[in-house]
Amino acid sequence: MGSEKRLQVAVIVGSTRDGRFGPTVAAWVAERIAQRGDMAAEVIDLVETPAPTVFPAFGQPPAPGTTELLAEISPRLAAADAMVIVTPEYNHSFPAPLKNVIDWHHAEWHAKPVGFVSYGGLSGGLRAVEQLRVVLAELNAMTVRHTVSFHNYGDKFDAEGRPTDPAAEGAAKVMLDQLSWWALALAEAKAIRPYAA
């Protein structure tokens with residue numbers, strides 16, 4: 001992009017479980033983004049910025065404290081040109097806190113590309129990703145085809161938090177290239193006409 005403004009990418013850490021591996025994966029992804037000339041990353045960790053868990057009844061005001069909690073997340077999602085979701089797989093799906101933060105937002109997802117970096121056992125978290133695609137389609141987000149997936153992740157990273165499989169670098173580049181293409185294409189389209197949800 002040269003001297004143009006870098007695309008702002010929100011990297012969302014989807015797990016809040018004690019002992020989680022998500023921050024290690026997210027830090028690696030953010031570093032890949034930082035090395036590019038066309039993107040900048042902001043990590044949104046759902047432990048540090050938890051979303052409310054009780055939704056108001058339709059048409060009713062939110063409970064006290066809800067607005068304050070969302071103020072730590074919503075503006076950051078709204079400002080992002082694209083998202084990367086870092087998720088493990090829990091019981092063939094993705095973590096409840098991740099679904100919660102998705103459900104609290106709507107327009108923040110509209111016509112924005114979303115990439116995935118997953119980790120897990122034999123499946124590498126891919127079943128979680130497939131379910132996320134369906135959820136995000138309902139929110140008018142554009143999920144990119146290529147993902148980064150770490151199968152049996154426990155022995156796939158070194159002591160410094162770097163993947164030991166060199167193929168991970170190539171997979172990340174392909175996913176981020178697609179994310180960049182879609183972010184630019186969608187931004188150009190929205191500059192011509194507002195997105196109609």
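This is a predicted model: local features need pLDDT of at least 70, side-chain atom pairs count only at pLDDT 80 or more; totals for chains, interfaces and linings use all residues.
In which hand, left or right, does helix H4 cross helix H5? Residues are numbered from 1 along each chain as its sequence is written, and side-chain values use heavy atoms, with hydrogens and water left out.

Now to the answer. H4 passes H5 in a right-handed crossing, a term used when the near helix is turned clockwise from the far one by less than a right angle. Helices here are DSSP runs of H or I with at least four residues, and strands are runs of E with at least two, numbered from the N terminus. H4 covers residues 96-103 and H5 covers residues 126-138; their axes come within 11 Å and cross at roughly 15°. The axes are lines fitted to C-alpha atoms over the stretch in contact, and angles run from 0 to 180 degrees between N-to-C directions. H4 and H5 are therefore roughly parallel, the term for angles under 35 degrees.

Thr-87 is buried, with a relative accessible area of 0%. Buried means under 20% relative accessible area, exposed over 50%, and partly exposed in between, with a 1.4 Å probe and protein chains only.

Two loops deserve a word. Ala-111, in the loop between H4 and strand E4, has a positive phi near 50° although it is not glycine, and it is buried at 6%. Asn-140 lies in the loop between H5 and strand E5; its phi is also positive, near 65°, but Asn-140 is partly exposed at 24%.

Finally, helix H6, residues 167-192, has 26 residues and reaches 38 Å from its first C-alpha to its last, close to the 38 Å expected, that is, 1.5 Å times one less than its number of residues. Its buried residues include Met-175, Leu-179 and Ala-183. Trp-182, also in H6, is partly exposed at 30%. Not counting residues up to four places away in sequence, Trp-182 touches Pro-113, Met-142 and Val-144.

Note on methods. Angles under 35 degrees count as roughly parallel, over 145 as roughly antiparallel, 65 to 115 as roughly perpendicular and the rest as oblique. Contact means heavy atoms within 4.5 Å.
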